[in-house]
Amino acid sequence: MNNKFTLLFIVISCFFVSSAFAAGTLIGVVSDSLSGFDLPGANIQISGTAMGASTDLNGEYRISSIPAGSYEVLVSYIGYQSKRVNVDIADGETKVLSIVLFPEAIEGEVIVVTAQARGQQQAINQQLASDKVANIVSEQRIQELPDFNAAAALSRLPGISTQKSSGEDSKVIIRGLSPKYNSIEIEGVSLSATGSSSIGLTSDTYVTTGGVQNDRSVDLTMVSPYMIRTIAVYKSLTPDMNANSIGGTVNMELREAPEEMHFDALYQQGYTAKSNTYGNLRAVISGSKRFLDNKLGIYALGNYETYDRNADNLDANYNVVGSKEEADSLTGNRPVLINTVTLNRHLESRERFGGNLIMDYRLPKGSIKFVNMFARLNSDYVDHRQTINYDQGRLQWRMQDGENIVDQRMHSLKLDYDFNLFTTDLSLSYTGATNKLENSPVVNFGQFGVDVNKEDSLHNRVPEDMVFLIDYLGDNEVTLFSGNLFSNEYQEDNTTIKTDFNFPFNIGSQISGSFKFGGQYTKKAISTNQESPYLGFDGNANSDEENIANDMMKAIQSKFDLYVNESGMFTGTSLKNADNDVFKSFLKDKYGDIYYASDNKHLMDILDYIVGNPSFDASDADLSDGRNGGWYDGPYQKLTNDYEYNEDYYAGYAMTKFNVWDFMVLGGARYEKVESDYFAYNAMDMRNAQLQRMYDTTSVSENDFLLPMMQAKYSPFDWMDVRYAYTQTLSRPDYHMLSPKFTITQNGTIHTGNSGLKPAHAFNHDISFTFHSNKLGLLTVGGFYKTIKDFVYQAPYSLNWALNFAVDSLDRYTVVDTSGGGITPRGDLDYRIYRPFNNPNDAYVKGIELDFQHNFWYLPSPFNGMVFGLNYARIFSKTKYPFAYTETKIYPRPIGAVEVYADSTAPGSLIDQPDHVLNSYIGIDYKGFSARLSFLFTDNSARYIEPKNPENNSFTEAYFRMDFSARQKLPWLSSELFLDVANLNDQKDEWTQSSTGGYQGIRNYGLTANFGLRIRY
């Protein structure tokens, strides 16, 4: 059936393109009459016909297949006076018609388009020219008033919010859909996912997160805005785009060499209020020139930044402690008890550097473009974490020291050529990402027997009410428990071949369009290599008994002269951090003091000594039986979280675009197929370096989809258009969720993947009404509705329950040893299973979006330099979160107690989906001065949904931030001074527990400011 559709498209296109023989072509450039700037998104229309085009980012346009004759050409651009030009075109002729436009003006006055107005106009016109539902961040806006990175620039657009990394915008949420459901591209090439360097399962009971979480999202933290020419967010897709994007696709275009030589240099210093430091800096330098009669262009850019990202972070964990009978009669909530509160003093210094090298060569009817990008983020951090365990009367401290390096690489070679009858785009590209953390020490201390004042009920308390319930016993009672030397490297490599062929056609003068088809092949290779060797400091340095644990403690005590207590364990006295800044007020002391923090340099020396001493190796049978302590570096520590994932992606599409009178209709279909294979290790943690059981496991899977899509645009007036789009898109499961492996831990949990997961499949409807004119600017009102099938969710359940009701089987979790036998989970433990499934319930996302952009050119000076923008999104989502378990019900005699199946499936919104997103800005340009004040508001969103215990559902608090930017031109060397201030109002990221409203998390980063100089030539 698919072949028949393809054949039909080709036959129809051959009929259409027959009209192209002996036809003419109109090409040219549209530019500003005063500044000479190219005008991207300008509309060129041949009057009285359906033939037309829009200018690209270089202000260039091409209208093909024009029958010979005389025509009137109408050129329009929001903010400028329209122009009509007469032109004669002969058979087979390529006519060059370049147009200069004059800014809209009040009679008798000369209007100069200011920098902010130009950036706004570029975005408006590019958005109007798009054949998709799109939002644009223009080149002028990015370059004139830059945000700190690409994600920050995107956060200003309708329906866009972001996730943050150490207070910096990092990943993009589109229409309430998490970053992993969106695609990030540079020049149409999908970037590699950046993975994570989180600690997964380990034998160290003090250090575990349940597994390495690698999804398909892309961190934009390392991408400098100075690399970027323009950013487009496509919220509806066409068949020639990768469909792995339920929320939307972000595409960034990079700069290239204009004519003549250009040079740009920037230097800035910065201030971070949180740590009261002035050491932040950024330096950017770029240059470009065209050679060989302007045929060869070379553009190069390099950037370097270093800045402080310190933060005070709070986390609280709540447990439901009451029965249903104890639930509040009004709310239905059962009592909850704070189990732990963690205060984390996060000290981080970030370096970011990267560069672009872009070369293009202009051919007689096309171009060859070679694009290279490299970006690196280097995060050097120390976490001093204090956890207060109110339930057990225990204080714990963890120190982690690390240097996390994240790289993003992109290389592409692209040929565009016009063969008159058709145009073609051929490209070969490579993208790669690395997320690396090497030899990161994690050291754990504790203090037991801490007195917790429980005279009053602790039910339904919030963290600030728990501060005075616990007493610190002093540094001498702090004990060193364990050490872990963690390393992880995530690597993703993608190689893509892509072809597109576009056949333009005209049927008479009232029907024009094109037929386009093409294909893509991508080879994806992903690997994670993690090691987490550890030791327990649980020997006795005072004991005369000789064993590996005691010997190690004695050797460390002798070499480093450490204090030991009566039990022969190391105390915190000699390992305490001497930096008083670590103990400064934490969140204004509202949640308690930091009682203790360790010296990371001293502890790293101890770990280096242990690693370098083979006599402490618990894996060596000549030294130890593997159970009495020592340095554990066996198979479980080396292989548990490792995997290799390979994916072959095949795609083909065909689509036709028609322009008929005031209508544009684009329709077609995309076919995608994925074949993948997975390699990982099944494992059981025996807590014995010599008896650990694991074996490799593999899986293969494939899926394919035919995805029909349609876009329509109706322009009943010059000042209005109506758009509708129906698309089908996908979201493939996270890499770690596709794993065929399982891991059985000592604490009674089993973590497993599911290689049979299906991609989530979305059915999307978009409609928008756009009003535009020189006086109005742009006003867009739109709505969207998505139905999403097969969303993936993580299902925790009891193994005994699963066995009783035949939901799971014990055979699935058998570790095979080398003798051919097997070890299954212990029968005396009711294991907790964590496994992903496709949700049988559909998810729904809908909303409305409003976008208004306006500049006041018609007002008297200085108000004619003002610009204003406001966008708003109201988002709704709904799905069901399945959860099943067993409970005991008491029936009258003779039945008695019976274990029954219980279903607590609960409705809820999608994770990360905010209810309201609002962005606004007001700016002014006056002579050489420019200033802008921006506002960003994101309402609460769900972070975590727990069907069985809805009291523990987690929601973010509303987030409101103000930013300010200003610049002043100087009379020398086309230079300017600039000032950027982010988070003027010291907004924090906060999320709360459902039933009490108490904080579950706070991320406090504070204000940052940057002042600098920029020179352009």
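Let's start with Ile497, which sits in strand β24, residues 479–507. Strands here are DSSP runs of E, at least two residues long, numbered from the N terminus. Ile497 has a relative accessible area of 47%, so it counts as partly exposed. On the cut-offs: buried is under 20% relative accessible area, exposed is over 50%, and partly exposed is in between, with a 1.4 Å probe and protein chains only.

A word on the source. This is a predicted model, where local features need pLDDT of at least 70, side-chain atom pairs count only at pLDDT 80 or more, and totals for chains, interfaces and linings use all residues. Residues are numbered from 1 along each chain as its sequence is written, and side-chain values use heavy atoms, leaving out hydrogens and water.

Back to Ile497. It belongs to a nonpolar surface patch, whose members include Phe291, Tyr361 and Leu428. Together the patch residues have about 700 Å² of accessible area. Patch residues have over 30% relative accessible area and no salt bridge; nonpolar side chains (Val, Leu, Ile, Met, Phe, Trp, Tyr) are joined within 5 Å, like charges within 9 Å. Areas come from the Shrake-Rupley method with a 1.4 Å probe; for residues, only the protein chains shown count as cover.

A salt bridge means a side-chain nitrogen of Lys or Arg within 4 Å of a carboxyl oxygen of Asp or Glu. Asp493 is partly exposed at 24%. Arg409 is buried at 17%.

Now β22 itself, residues 394–418. How many of its residues are buried? The count is 18 of 25. On one side, β22 pairs with β21 in the antiparallel sense, over 24 bridges. Two strands pair if DSSP finds at least two bridges between them. The two form a hairpin with four residues between them, and Gly393 in the turn has a positive phi of about 65°. β22 is also joined to β23, residues 423–447, by 21 bridges, again antiparallel. That hairpin has four residues between its strands too, with Asn420 in the turn at a positive phi of about 70°.

Last, salt bridges overall. The whole structure has 47 of them. One joins Asp131 and Lys132, at 2.9 Å from N to O. Both residues are buried.
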